[in-house]
Amino acid sequence: LGRPNHAMSSHWEPATDAAFVRLFDLGHPDLQDARPLAAKNDHAAAAQAILEALGRRPLRAYLVQDEAAELGKQIAADDPDAARTLRHFVAVMDEHLAGHKHAELASRAAYLESVDFAHDAHSAVRRGRAWYYFGQLYALTSERIWAERAAALLGQLGSLPAIPEGSGEDDFLPILPWHPQDAGGDALNVAHIVQIMGVVLPMLWPAWDAATRRQAAAYLAHQAEGFYRGYREDPLYNIPFHGLVALYGVAALFPQLRGAKKWRAHFEKLTGPGGSVVTPWIMDQDGFYGEGLGYQQVNTFLFTRSLLLAERGFASGQASAELRCVVEQGYRLAADTVRPDGNAFLIGDHSARCAHEHEIEYHEVLHLGAALFNQPEWKARAGGLRGTTPPSLGRFLMGREGYARWKKMPAPDLHGRAHASAAHAGPGFFHLRAGRGVERACHGLLNVSLSANHGHHDVNSVCIYGLGRELLSDSGRLSYTAEGNALQQAPNAHA
């Protein structure tokens, strides 16, 4: 970590027939028809046999292919605004594209602008948000134009970072930049794209032809190997975890890949009993992941995706009790952290755009937690001034059974619910609350934590919400590199 990005190739090309065949484990039971063809060096026929095999197995990762289609119909019937909202995002994005030569920057800026958030060059990084729009729109409407637009995006992936050639198949390659603010197409952005593709491929796969499926599978296999080589030995925090969760998603989508077994073994090592994901090093007894309240939300979503892979993506269909506990505790802390208006105080490594790193905010992620863990009280804590209905992405991730549970739970009463105090001695967060609703409630947060909080100690942080607005704020994270950053993080810089 911290090394320059010079070792990364700046271009990736779709695989030749021979290279495509080499991506796969020809000993896999699904690929028995391809094995004799490859043995005769008939790579074109072997590649075709592989694609036919991929078409016979429904895709599974964070979503299950058959459930995705069914959920799309249910969500569209329950909420006609779901597709309308996504169409709006696409329209705003397209308007930006018309006058912006950097498509990847325009799409991010369009999303943030459409939800009334400030944006800058960093928040406009290319993280593949259009994949979410097109995949969900196809699942909601069955209109082929959205599958076709998603397929067209594959042609733009050639400029994204690719792994360099190593001297050995499993060489550890410390090629990935330390932080997403590094210039250029960095590995964190690729991890976002691979994760997003893992969500939407089960939606889009039935509509794609063989050539499109081949390009998607080859690209994901290529990038997954890069994440395995670059991240598998890193200490676990949100940046390497982004790449690892993307890697595990590819292993679930395509178990026929040559690297899928070792990638899954790595997942089970990290998420099983005693693994790095479930040890106190990554989470304390209060469900705090140790990276400040901004990255608490990001990590909650990454841990949730790990849980979904364990329960849906891999054949066992079962997560370790330790992993379920880690994820559940994270949601409990989120329920205690959210303010009466649905926002969260910006302390530690946090900014107004942090919640949108995964298209889901604090008050929205509680809907997902309520569905996955059957906790109606979390749904009661969900919802904010922008609305009490979760985004369609969250509803898709609930799965068929979770969505059915969630619909039976009472809707959040934003203006009548009571607010209770909560204490989290481990991370040092103390929430003092009184009153009901939004306008008649008050919420004070005292942080006496001595933990690093992603490089921000923030001892003595005091935040106060009342009368329907934030009355006393912490600075949050202004910059990773700005002059005076040390003072910004020091105890005497806080209220």
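Select leucine 432 in strand β2 (residues 429-436) and look across to β3: the bridge partner of leucine 432 there is glycine 444. Strands here are DSSP runs of E with at least two residues, helices are runs of H or I with at least four, and both are numbered from the N terminus.

You are looking at a predicted model, where local features need pLDDT of at least 70, side-chain atom pairs count only at pLDDT 80 or more, and totals for chains, interfaces and linings use all residues. Residues are numbered from 1 along each chain as its sequence is written, and side-chain values use heavy atoms, with hydrogens and water left out.

**The sheet**

Colour β2 and β3 (residues 440-447) next. They pair in the antiparallel sense over eight bridges. Two strands count as paired if DSSP finds at least two bridges between them. Strands of a sheet pair through backbone hydrogen bonds, either parallel or antiparallel.

Move to the turn. The hairpin of β2 and β3 has three residues between the strands, and glycine 437 in the turn has a positive phi of about 70°.

Now select β1 (residues 422-424). β1 and β2 pair in the antiparallel sense over three bridges. Histidine 424 has phenylalanine 429 as its bridge partner in β2. Four residues lie between the strands of this hairpin, and glycine 428 takes a positive phi near 85°.

Go to β4 (residues 461-466). Three bridges join β4 to β5, and the two run antiparallel. Pick tyrosine 465: its bridge partner in β5 is glutamate 470.

Zoom out. Five strands form an open sheet in the order β1-β2-β3-β4-β5, with antiparallel pairing. β1 and β5 (469-472) are the edge strands, each pairing on one side only. Neighbouring strands of this sheet are turned by 15° against each other on average, direction ignored.

**Helix α14 and its partner**

Select α14 (residues 321-337). α14 lies across β1, β2 and β3, running at about 50° to β2. Axes are lines fitted to C-alpha atoms, for helices over the stretch in contact, and angles run from 0 to 180 degrees between N-to-C directions.

Angles under 35 degrees count as roughly parallel, over 145 as roughly antiparallel, 65 to 115 as roughly perpendicular and the rest as oblique.

Show side chains. Among the α14 residues in contact (heavy atoms within 4.5 Å) are Arg324, Tyr331 and Thr337, and the α15 side includes Tyr362, Leu366 and Phe373. By class, this contact has ten nonpolar, two polar and two charged residues. Ala, Val, Leu, Ile, Met, Phe, Trp, Tyr, Cys and Pro count as nonpolar, Asp, Glu, Lys and Arg as charged, and the others, Gly among them, as polar.

**Helices α11 and α13**

Select α11 (residues 238-253) and α13 (residues 292-313). Their axes come within 10 Å and cross at roughly 20°. That makes α11 roughly parallel to α13. On α11, the contact residues include Phe241, His242 and Tyr248; on α13, they include Asn299, Leu302 and Arg305.

**Tyrosine 228**

Last stop: tyrosine 228, in helix α10 (residues 210-231). Is tyrosine 228 buried or exposed? Tyrosine 228 is buried, with a relative accessible area of 11%. Buried means under 20%, exposed over 50%, partly exposed in between (1.4 Å probe, protein chains only). Leucine 247 is 19 residues from tyrosine 228 in sequence and 6.8 Å away in space, C-alpha to C-alpha.
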